[in-house]
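I opened a new structure today and kept notes as I went. Here is what I looked up.

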Amino acid sequence: MSIYLPTLKQLQYLVALHEHGHFGRAAEACFVSQSTLSAGLRELESLLDVVLVERTRRVVRFTPLGNQVVAKAHRLLREAEELSALVQSHGTPLVGELRMSVIPTIAPFLLPRILPRLRAERPQLRLFLREEPSAAAIESLHHGRADCVLLALPFATGEVETVHLFNDPLLIAFPHDDPRDPPAMITPSSIDENRLMLLEDGHCLKDHALAACNRPELRASATMIGTSLHTLVQMVDNGLGLTMLPEMAINAGILAGTRIVARPLISDHAFRQIALVWRRNSPRGEEFRLLAEELRAG
């Protein structure tokens, strides 16, 4: 009895369809036509003699078996990629493709500073960047869509290797004409919880800011409204309240063109830890450690 083994390409099609929930978008992600992707999946189902995907005009729905196959496919594709990476990393490190997810409160502030030097010193490295919140970035890492993640800790990351790059202090930002005239060094107890504006849920900086203050009532009273740090800055500049900003963003010029004042927060945890993480036991571990050194030097 012959057993049909799916091809890696067919598994890629299946995983892409599961991720995007749409044949057209899945085909674009795989850089093939929609008819090619559909034909590949039909061949997969025909040769396995099972139904993995229920197709209707409006929705793509995976069968229970289809979901199980997708979970296995993620692992197989990740193992195949790591096999390729093992061979590639045997020669010169940091060459070829590398996919890195970066969270939104780091990407626009750190990457413009470090990427030009990295391109100059590692011209054979093709670094593909994906900006996404911490939870989505870690999911991308464990599903094989990303090779490593640049994020801020503490955050639940699962089974990963971690290299700490540096600490990023948090500062209090407020309008220049704030009637309270905050002191040069601000304590958590002096923060007006009714005026504090933070990022929406899904951004780990919100949790880092609340942890830095160590005031449980802030979680209930602070306004979780900002979709980005740039949005928060504009609201503060318009006198709507105050916020917390990482020093990284301030050094990158996020306050340029505003009349906002930023002053240090005095707290044992008034910082976030910037780190590079990757899957535990990855064959490219030494490469990622080298990349971490490059990022730290930037």
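**Ground rules.** I am working with a predicted model, where local features need pLDDT of at least 70, side-chain atom pairs count only at pLDDT 80 or more, and totals for chains, interfaces and linings use all residues. Residues are numbered from 1 along each chain as its sequence is written, and side-chain values use heavy atoms, with hydrogens and water left out.

**Whole protein.** I counted eleven helices and eleven strands. Helices (H or I, at least four residues) and strands (E, at least two) are DSSP runs, numbered from the N terminus. The C-alpha trace spans about 80 × 50 × 30 Å along its principal axes. I then checked burial: of the 298 residues, 45% are buried. Buried means under 20% relative accessible area, exposed over 50%, and partly exposed in between (1.4 Å probe, protein chains only). Next came contacts, meaning heavy atoms within 4.5 Å. Among contacts between residues at least 6 apart in sequence, 74% join residues at least 24 apart.

**Strand 11.** Is strand 11 enclosed or open? Seven of the nine residues in strand 11 (residues 271–279) are buried, so the rest of the structure largely encloses it. I looked for its partners, where pairing needs at least two DSSP bridges between two strands. Strand 5 (residues 148–153) pairs with strand 11 in the antiparallel sense over six bridges. There, C148 has W278 as its bridge partner. Strand 6 also runs antiparallel to strand 11, and nine bridges join them. T162 has V277 of strand 11 as its bridge partner.

**Strand 6 and strand 9.** Strand 6 (residues 160–175) pairs with strand 9 too, antiparallel, over four bridges. L170 stands opposite P246 of strand 9. I recalled that in a regular strand the side chains alternate between the two faces of the sheet. Which residues of strand 9 are buried on each side? In strand 9 (residues 243–246), T243 and L245 are buried on one side, M244 and P246 on the other.

**N167.** I picked out N167, which sits in strand 6. N167 is partly exposed, with a relative accessible area of 39%. Leaving aside residues up to four places away in sequence, N167 touches F271, R272 and Q273. I also checked N167 against D201, 34 residues apart along the chain: their C-alpha atoms are separated by 22 Å.

**Helix 1 and helix 2.** Helix 1 (residues 8–20) packs on helix 2 (residues 23–30) at about 130 degrees, with the axes 8 Å apart. Axes are lines fitted to C-alpha atoms, for helices over the stretch in contact, and angles run from 0 to 180 degrees between N-to-C directions. That angle makes helix 1 oblique to helix 2. Angles under 35 degrees count as roughly parallel, over 145 as roughly antiparallel, 65 to 115 as roughly perpendicular, and the rest as oblique. From helix 1, Q12, Y13, A16, L17 and H20 make the contact, and from helix 2, F23, R25, A26, A29 and C30.

**Helix 5 and helix 11.** Helix 5 (residues 107–121) and helix 11 (residues 285–297) pack at about 130 degrees, and their axes lie 9 Å apart. Helix 5 is therefore oblique to helix 11. I found I114, R117, L118 and E121 of helix 5 meeting L291, E294, L295 and A297 of helix 11.
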